[in-house]
Amino acid sequence: MAPDAHDSPDNAPPDGEKPPVPADTGPDGAEPAPDTPAPATPAPDSGRRRRSLRLTLPGCWGALLLACLSFTPSLLPRGGVLQGLIAGISAAIGYGLGVTAAYVGRAFADREARTASRRSWQVLVVGAIVLFGVSFGLGQYWQYEIRRLMGVTDYNVLAAVACPFVAALVFLLLLLTGRGLRRLYHGAARLLRRWIGPRAARVVGWVVVAGLAWSVVSGVLLSGFVSAANAAFSVRDTETPEGVHQPTSALRSGGPGSLVPWDTLGRQGRAFTGSGPSAEQIGAFTHRPAQEPVRAYAGLETAEDTESRAERAVADLQRAGGFERANLLVMTTTGSGWVDPAAVDSFEYLGDGDSATVAMQYSYLPSWLSYLVDQSKARAAGRDLFDAVYDVWSKLPQDKRPRLFVAGESLGSFGGETAFSGEADLRNRTAGTLFAGPPNFNTLFREFSDDRDPGSPEIEPVYKDGRTVRFTDEPTAGIPPQDAPWNGPRVLYLMHPSDPIVWWSPQLALTEPDWIGEAPGGDVLDAMVWIPFVTFWQVTADLPFSTGVPDGHGHTYKAAYVDGWNTVMRPSGFTPQDLERLRVVIEPPEH
């Protein structure tokens, strides 16, 4: 954190304060009378405590400004506690910026710090009451508007009241942490001055302290947290979800004759192979003959490494007759191995059950944590699984090959992309692709979005006239460009304007993205603006709650899979009324 006015690098006293005098002299430097008692000296600890809590006027104005701006809306509804957390972090950043700006200003003016007058502090207090009160009120209004847009009814009054107190607590904790690091820096610099010059000691001291802080956060705290989470979720992976039973069909991994034992599938693998529509259910919906879909899966316990798991999953797929079906789907999972039932169920219904799906697990961690620490595992899983499927598929006679599709949601889309080099590769090696909620760091997604045709918005870009790759928020509303041909294999990205997984990026801290400067999507408020540092923390706070909103918003993709797969697969025999009924089957309405 930047140095405060009372703790400048040269330790000069602020204007208006007298420099300390030796203990054996009077106030004017003269020798005290022999019988004059020595003045009381405050305890060192109490003085140090007061210095730790003392605030500077420029820093307080910076903290107030960014705290008030943090109430502006972002992508998702925010509760009071979460808003308090964002306001506290923003206030701490604003305090540091205010102190730094004052320090730089004094350097240019070539003057020392001045003691703020009582009137200046009174103005700050009045300004804080007015500005924070107005910002808090506007924030409540904006949150109401976001909840209305998304159909969210939950609202906790007590959490809203707690917001200012949470903000103050977070601000103080971060401030004390920053000042602790600064004190550590001063100690390191004093120690280093024994061997090197003062200027070099200050520079090296900052480097040492910054490196130490980074090592503690990334190497000790983060690694420890990930290790603990991995251990906890590995235990959960041994459980079987309620209502899921070992399949009795040989067409499922873990069933009779399977090459993958049931107890090695993991929690999500057992949920995947132990559920899904039957031939009877599909036939009852379509009123046509239907087949039992094939589902193959490999868990982390199935084999030791990613390549071996992919080979085992494909071997079980081949055993079950997956390559003899009309439609074959390679599905890259998210996080703990979860496969969105809506994605696969829709695929199976629209294919009359004449389909096969293969997937595999690459982590124990849930999606939001895998999103941060398991990207390399997702990359390897997506590439190895598709390569193993393609190796068998490509050796089949052309008239015996199933249509080969690829899909993935969230981190699964990231893994699914890694098997391909670009648009042409997707078109040449698949019959179609459906990705939902792609993270902002997806390689191909970023390429298609950044190189979009001029005039198309980032929330719904058009890439090369939409000849192969297209993007949409709602497939039923039309997929641009609607007047251009879309022949051959189709690649479709589903992404909501309010999905923080799609739009979060570290660059939000200092760079305004196009999607904020352009016209907002249907479920994003016009009042959302880009604010340095603040917007980054707002969208970051949205991430863990991205799936806690109704379908069609945030990172929740359910009914859209019906129309997405209908667009990519182009099945025959389904009317708009059939698709409407299927949406209800995939995502039943809440009562």
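Residues are numbered from 1 along each chain as its sequence is written, and side-chain values use heavy atoms, with hydrogens and water left out. Because the model is predicted, local features need pLDDT of at least 70 and side-chain atom pairs count only at pLDDT 80 or more, whereas totals for chains, interfaces and linings use all residues.

Helix α2 (residues 57-69) and helix α4 (residues 118-150) pack at an angle of about 10°, and their axes are 10 Å apart; helices here are DSSP runs (H or I, at least four residues), numbered from the N terminus. Axes are lines fitted to C-alpha atoms over the stretch in contact, with angles from 0 to 180 degrees between N-to-C directions. The angle makes α2 roughly parallel to α4, a description used for angles under 35 degrees. The contact (heavy atoms within 4.5 Å) involves residues including Leu57, Trp61 and Leu64 of α2 and Trp121, Leu124 and Phe132 of α4. By class, this contact of α2 with α4 has eleven nonpolar, three polar and no charged residues, where Ala, Val, Leu, Ile, Met, Phe, Trp, Tyr, Cys and Pro count as nonpolar, Asp, Glu, Lys and Arg as charged, and the others, Gly among them, as polar.

The structure holds 19 salt bridges, each defined as a side-chain nitrogen of Lys or Arg within 4 Å of a carboxyl oxygen of Asp or Glu. One of them joins Arg267 to Glu239, with the closest N and O atoms 3.4 Å apart. Arg267 lies in helix α7 (residues 266-273) and Glu239 in the loop between α6 and α7, so the pair ties together parts that are 28 residues apart in sequence.

As for the backbone, a cis peptide bond with omega of about 0° joins Pro480 and Pro481. Phe533, although not a glycine, has a positive phi of about 70°.

How values were computed:
Helix = DSSP H or I, 4+ residues; strand = E, 2+ residues; numbered from the N terminus. Parallel < 35°, antiparallel > 145°, perpendicular 65-115°, else oblique.
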